[in-house]
Number of protein chains: 4
Amino acid sequence: MNAPDDVSGLKALICSGTLAPAEIVAVIGKTEGNGGANDFTRALATRALADLIADATDSTRAEILERVLMIWSGGCEGVLSPHATVFTHTPATEAAPGKTLVLGLARTRAILPEEIGTIAQARLTAEAVRKAMANAGLSAAEDVHYVQIKGPLLTPGRIADADARGAPLVSRDGNLSKPLARGILALGVAQGLGEVAEADLVQENVLADMGLFSRVASTSVGGEVDCVEVALMGNAEGGGSRFRIGHGMLASVVDADGIRAAHDDAGGGAIAAIFAKAEPAARVLGLRTTMMSDADVHAERHARAALSAVIAATTGRTAVFISGGTEHQCPEGAAPIAIICEV
Amino acid sequence: MNAPDDVSGLKALICSGTLAPAEIVAVIGKTEGNGGANDFTRALATRALADLIADATDSTRAEILERVLMIWSGGCEGVLSPHATVFTHTPATEAAPGKTLVLGLARTRAILPEEIGTIAQARLTAEAVRKAMANAGLSAAEDVHYVQIKGPLLTPGRIADADARGAPLVSRDGNLSKPLARGILALGVAQGLGEVAEADLVQENVLADMGLFSRVASTSVGGEVDCVEVALMGNAEGGGSRFRIGHGMLASVVDADGIRAAHDDAGGGAIAAIFAKAEPAARVLGLRTTMMSDADVHAERHARAALSAVIAATTGRTAVFISGGTEHQCPEGAAPIAIICEV
Amino acid sequence: MNAPDDVSGLKALICSGTLAPAEIVAVIGKTEGNGGANDFTRALATRALADLIADATDSTRAEILERVLMIWSGGCEGVLSPHATVFTHTPATEAAPGKTLVLGLARTRAILPEEIGTIAQARLTAEAVRKAMANAGLSAAEDVHYVQIKGPLLTPGRIADADARGAPLVSRDGNLSKPLARGILALGVAQGLGEVAEADLVQENVLADMGLFSRVASTSVGGEVDCVEVALMGNAEGGGSRFRIGHGMLASVVDADGIRAAHDDAGGGAIAAIFAKAEPAARVLGLRTTMMSDADVHAERHARAALSAVIAATTGRTAVFISGGTEHQCPEGAAPIAIICEV
Amino acid sequence: MNAPDDVSGLKALICSGTLAPAEIVAVIGKTEGNGGANDFTRALATRALADLIADATDSTRAEILERVLMIWSGGCEGVLSPHATVFTHTPATEAAPGKTLVLGLARTRAILPEEIGTIAQARLTAEAVRKAMANAGLSAAEDVHYVQIKGPLLTPGRIADADARGAPLVSRDGNLSKPLARGILALGVAQGLGEVAEADLVQENVLADMGLFSRVASTSVGGEVDCVEVALMGNAEGGGSRFRIGHGMLASVVDADGIRAAHDDAGGGAIAAIFAKAEPAARVLGLRTTMMSDADVHAERHARAALSAVIAATTGRTAVFISGGTEHQCPEGAAPIAIICEV
């Protein structure tokens with residue numbers, strides 16, 4: 001994409017008949033904003049893409065936003081290339097043998113500003129994860145390889161709204177509330193998949209007991225959504241697609257072996273998409289980095305830049321979905337990665 | 001280094017007798033500033049290190065700055081770790097067989113503000129490069145593998161000085177003049193080593209004919225120096241050290257093969273130091289990046305962040321000297337790299 | 001506005017009948033991006049506002065963008081508040097006596113990437129300015145107080161387009177080409193209003209002879225427009241509105257007297273809108289500032305932040321249109337300001 | 001100052017005999033860093049100035065740092081000009097009648113990393129404030145107009161040190177711990193001057209009960225100091241100087257009247273120095289600003305830029321000490337200001 005509102009690539013696929021717009025069910029992409037609370041490139045991409053699909057399917061934008069799950073992460077640091085991965089639900093024709101990629105979608109009701117970052121939000125998320133599993137036709141948690149979640153962020157507007165109603169907030173700072181909002185979503189996935197016990201899902205464990213985590217969650221937050229949106233991917237017998245998904249864990253932002261292991265877990269075929277998290281670290285390979293103390297460039301931006309380059313050097317791809325913040329999405333210091341390959 | 005003025009690491013080496021302070025001849029390091037015209041971390045590191053060596057050798061700071069060449073590059077993006085590589089001239093004891101690492105130093109007279117970025121500066125640089133070759137005991141240009149140069153930048157103070165004298169400047173913007181100042185230094189190296197013809201060294205070719213370049217130059221500019229400083233490295237029979245240097249070319253900031261080739265060129269031993277340039281690019285591996293249009297984070301910072309991570313993933317090192325700007329230091333779009341290994 | 005796509009304020013005015021959407025002819029506003037080449041908040045605001053007006057007038061977005069001139073400037077530094085000033089053309093009812101505010105609109109054909117920053121673009125601009133004067137019902141240049149112009153910027157996409165056709169560009173750097181693109185637009189205004197002689201309108205004078213300028217131009221550039229758009233304001237007998245416009249000159253970003261003089265020029269009534277330019281300066285009130293050498297925060301952002309605060313302290317308003325870059329829009333070092341007051 | 005290590009201005013005053021270097025007791029200045037945890041311009045300025053005074057007084061740097069209190073604030077946004085205000089203790093000659101400016105200095109022992117941000121640090125600060133009052137010859141708290149305090153910040157090195165000893169920290173993020181570290185210092189001043197009751201000085205009130213504050217504190221934190229340093233100013237009968245100090249409160253960063261009131265409180269004479277705090281605000285004059293949600297430019301930088309311009313427009317000065325963060329230094333949302341005038 002040449003800009004957040006450049007949808008010419010998808011338009012060409014639609015016009016050439018390569019892709020049926022009515023079959024689009026989800027879009028996951030990167031936009032070139034700063035990735036912070038004032039990154040409006042996600043909203044612009046959502047609007048542009050929804051308008052394109054609406055035009056192509058004779059629908060309204062509102063109908064598309066209801067039907068198609070769109071998850072954008074802002075921040076194209078290092079060698080990251082702005083792009084979108086478009087998921088379609090196509091009637092199976094000549095599906096690959098064995099388990100193949102399936103995708104399940106779900107969303108919660110609108111989250112109130114005062115619920116952002118709370119266990120209430122985690123429970124709503126867990127419920128949506130279970131719905132998405134059913135929607136994907138998956139019954140075993142071990143067949144789930146990637147759960148991409150997007151949830152709301154505390155924006156000045158939402159803070160004002162809560163203030164007007166006298167509702168207490170977990171934070172008054174949009175940027176500072178991001179780790180909390182992401183962590184809560186991950187705990188919701190973990191509960192939905194049975195990775196954490198019900199008893200451990202209490203507010204005091206949030207961002208505190210980092211031994212609680214999901215191995216397949218990837219959570220983002222942004223001002224442009226007001227509910228929690230879930231795109232759950234796994235492999236199912238008779239999945240009917242020509243793709244397979246695998247996942248793994250990155251020990252650091254320079255862990256090329258972790259990237260290769262995730263690729264192997266997906267079967268080692270030609271890569272179709274990569275989804276990863278980048279975790280800032282005060283030390284990498286034993287030496288101090290300056291990510292954490294840099295007041296000009298946010299630590300997440302340093303981390304995304306680094307991981308983007310290692311993934312590109314390892315896989316040859318720069319159109320990679322890398323978002324920041326791994327709270328409760330892996331053991332502390334690590335980061336999740338999922339790769340979709342051709343079977 | 002835990003800060004630009006943290007010299008505790010070198011102090012410990014001196015105190016333990018591992019390193020004789022009087023034998024220090026050059027220091028090349030990275031500091032954690034923004035790498036721009038207002039990056040004063042280089043000046044702070046220079047001052048702190050010079051004071052330490054002065055104390056340890058019963059000299060004044062001025063004497064140390066006269067005797068020891070210090071080259072700092074600001075900007076520790078991605079996984080880069082602030083550090084310094086300290087070069088000493090030690091009486092040979094049990095030197096490795098074959099050609100081994102030698103280092104030659106030289107500097108020009110003070111460059112006037114109005115000379116910065118001009119052919120006059122290139123000629124002075126070429127002269128210093130030839131002096132440094134002689135100083136290193138090298139006579140053949142092909143034995144030269146790395147010429148690190150640091151030259152002055154147009155600072156507000158220097159612009160004011162030139163204005164006061166009515167002297168015309170090549171630019172009035174400190175940040176904008178950096179590419180020009182770096183390119184001129186590289187052309188100086190190229191002439192000094194016979195890589196460009198005398199006839200081609202004219203002002204209109206600067207930043208215009210990018211086919212003119214040195215294969216071993218690495219140039220930086222900063223407000224803290226007023227002359228051009230040269231640290232030239234190569235391998236010489238009877239060099240008397242236990243290190244060997246090699247060099248290579250990076251096709252992009254994600255060129256892991258280029259890193260490995262430079263390592264091989266140095267003999268493939270345990271790596272002691274890496275010096276590389278990172279070149280921003282509007283496209284990497286065929287897709288658009290956003291480095292060039294990012295108004296918040298300078299393109300050089302994206303590029304350094306990316307290359308730092310690929311070098312770390314390839315070599316296991318984060319204490320790497322990566323600076324920005326490859327003007328006339330390699331074919332356009334590429335970047336130079338040099339590696340020092342144990343023999 | 002609570003975000004670039006927050007059009008709830010205008011929607012409320014439309015719903016309450018305060019403002020007839022079909023009467024909207026122009027919108028000038030500030031959005032909260034970084035103001036650089038990768039600031040997409042302008043595109044988002046344009047899209048959101050056009051969609052609102054289209055819905056309210058049963059038109060398409062394309063029709064609205066054809067009919068309503070929208071000029072956004074990115075960058076809300078200091079105390080600036082994101083907002084839009086909406087101009088309507090309303091049948092006169094009980095107009096104020098004397099000369100009152102009139103607005104004329106015009107636009108050029110699409111500017112080719114290779115025309116950006118050239119005299120050809122200036123001539124097209126001058127022609128559009130004369131059309132806008134006629135459109136406003138003004139015949140004397142001295143009745144023109146403010147000409148807001150928006151023109152295209154060199155984006156990666158446009159650079160690629162020109163490259164594909166082998167067309168030469170004035171610059172290959174989107175951010176660096178901004179001063180040139182703004183200067184050319186101002187020279188176009190100056191020629192259209194007879195402020196510069198035809199003979200002076202030559203390429204070598206652009207950004208060089210700063211004695212050539214318009215006293216009423218305010219030019220912006222952005223990636224989201226491809227033609228030059230002109231909103232020209234003045235006062236005309238029988239103008240039929242209850243507003244009057246005046247203009248002045250700011251000697252620096254802290255020139256409170258200049259702000260007051262422009263207010264007086266507009267009649268001194270209750271202020272309805274303020275349009276100003278902020279000019280970065282290496283020295284303010286005789287002492288050095290650090291705007292020009294700051295590699296983290298662009299000089300224009302420092303300047304807008306400063307002027308926003310002085311205007312707020314002087315007039316009580318933070319919803320002010322302040323854009324950056326005064327090339328050929330005033331004597332060097334100064335900046336233009338225009339104020340609309342109630343009669 | 002043309003750079004953080006440019007001490008030529010002070011050197012000239014010393015060389016010309018205008019100022020006796022041995023009489024220097026304190027320096028308060030602004031440097032042109034980013035004002036964040038990785039701003040090393042303060043350390044550089046301290047080192048350069050201490051070296052100058054040491055040379056001029058035949059002392060060591062360590063002796064100067066022991067004897068002269070140096071407080072630097074990083075971040076010269078807007079129109080701020082890097083500078084230093086140098087305080088000397090000169091034998092009274094022809095002092096002005098009435099109460100005139102006196103300065104008292106004190107410092108605490110080194111603060112442990114685990115004490116930063118705790119009540120223990122506040123108590124040590126209170127004690128130092130009382131010592132500084134005595135040192136200034138002041139006995140009544142109402143004669144105290146300005147207490148400039150500098151305390152340590154949690155740096156990566158200090159965090160590592162505490163970790164090595166297993167000592168718990170109030171925060172692990174250098175930038176995030178700044179508000180807490182500043183708030184604790186202000187509560188220390190408030191207790192030292194009797195502005196808050198002993199019973200209120202408990203950890204749960206820190207950054208929570210914002211009704212607790214000092215009216216004359218101005219606190220900064222930085223990585224370059226390890227103890228709390230106090231410079232307390234007031235007016236005393238027989239003070240013996242030709243200056244007088246006054247203070248006031250700024251309702252917002254655009255409160256020109258507040259600036260004028262502080263000037264009046266100081267007697268209204270020719271201004272010699274201004275010390276103020278800038279408080280970021282989500283709303284200014286009733287409308288939303290974007291300071292708080294800006295992920296590129298820190299809110300404090302927006303606020304300092306704005307206030308610098310209003311002070312310059314009101315007083316004609318750009319060499320102003322404006323630092324960020326008003327925690328417990330005034331009623332919430334306001335900011336303190338102090339002005340020194342000639343009598």
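This is a predicted model: local features need pLDDT of at least 70, side-chain atom pairs count only at pLDDT 80 or more; totals for chains, interfaces and linings use all residues.
Me: How many salt bridges are counted between chain A and chain C, and how many residue pairs are in polar contact?

Reply: Between chain A and chain C the count is four salt bridges. The count of residue pairs in polar contact, both at pLDDT 80 or more, is also given as four. Helix H2 of chain A, residues 41-57, gives the most to the side of chain A that touches chain C, with six residues.

Me: How should I read the size of the interface between chain A and chain C, and what area is buried there?

Reply: The size of an interface is often given as the accessible area lost when the parts come together. Between chain A and chain C, about 1,200 Å² is buried, and carbon and sulfur atoms give 60% of that area. Three residues, Phe40(A), Leu44(A) and Arg47(A), supply 46% of the area that chain A buries against chain C, more than any other three residues. In terms of contacts, 14 residues of chain A touch 14 residues of chain C.

Me: What rotation and shift superpose chain A on chain C?

Reply: Two copies of a chain are related by a rotation about an axis and a shift along it. For chain A and chain C, the rotation is 180° and the shift along its axis is 0.0 Å, with an RMSD of 0.0 Å. The two copies are therefore related as by a two-fold rotation axis. Within chain A, the C-alpha of Leu44(A) is the nearest to this axis, at 2.8 Å. Leu44(A) is also among the three residues named above for the area that chain A buries against chain C.

Me: Why can the copies A and C be said to meet through the same surface?

Reply: The interface residues of chain A are, to 100%, also interface residues in chain C, so the copies meet through the same surface.

Me: What can be said of the interface between chain D and chain C, in contacts and in buried area?

Reply: Here 38 residues of chain D are in contact with 38 residues of chain C. The buried area is about 2,500 Å², of which carbon and sulfur atoms give 58%.

Me: Which polar features are found across the interface of chain D and chain C?

Reply: Four salt bridges are found across the interface of chain D and chain C. One of them joins the side chains of Asp294(C) and Arg301(D), at 3.9 Å from N to O. Across the interface of chain D and chain C there are also 12 residue pairs in polar contact, both residues at pLDDT 80 or more. On the side of chain D that touches chain C, the elements that give two or more residues are strand E11 (287-288) and helix H8 (299-315) of chain D. H8(D) gives the most to that side, with eight residues.

Me: Turning to the sheets, what is the strand order in the open sheet of chain C, and which strands are at its edges?

Reply: Strands of a sheet pair through backbone hydrogen bonds, either parallel or antiparallel. The open sheet of chain C has four strands in the order E4-E7-E5-E6, with mixed pairing. Its edge strands are E4 (99-110) and E6 (217-222) of chain C, each pairing on one side only. From one strand to the next, the twist averages 15°.

Me: Where does the antiparallel pairing with strand E5 of chain C occur, and which helix packs on the sheet?

Reply: Strand E5 (residues 144-152) and strand E7 (residues 227-237) of chain C run antiparallel and are joined by six bridges. Opposite Gln148(C) stands Ala231(C) in E7(C). Helix H6 (residues 178-192) of chain C packs on the sheet and touches E5, E6 and E7 of chain C, its direction making about 140° with that of E6(C).

Me: In chain B, is the pairing of strand E5 with E6(B) parallel or antiparallel?

Reply: Strand E5 (residues 144-152) of chain B pairs with E6(B) in the parallel sense, over six bridges. The bridge partner of Gln148(B) in E6(B) is Ser218(B).

Terms used
Residues are numbered from 1 along each chain as its sequence is written. Chains are lettered from A and ligands numbered from 1 in the order in which they are written. Side-chain values use heavy atoms; hydrogens and water are left out. Copies are superposed by least squares on the C-alpha atoms of residues with pLDDT of at least 70 in both. Contact means heavy atoms within 4.5 Å. Two strands pair if DSSP finds at least two bridges between them. Axes are lines fitted to C-alpha atoms, for helices over the stretch in contact, and angles run from 0 to 180 degrees between N-to-C directions. Buried area is the accessible area (1.4 Å probe) that two parts lose on being put together, summed over both. A polar contact is a pair of N or O atoms within 3.5 Å; within protein, one must be able to donate a hydrogen and the other to accept it, and residues adjacent in sequence count only if both atoms are side-chain atoms.
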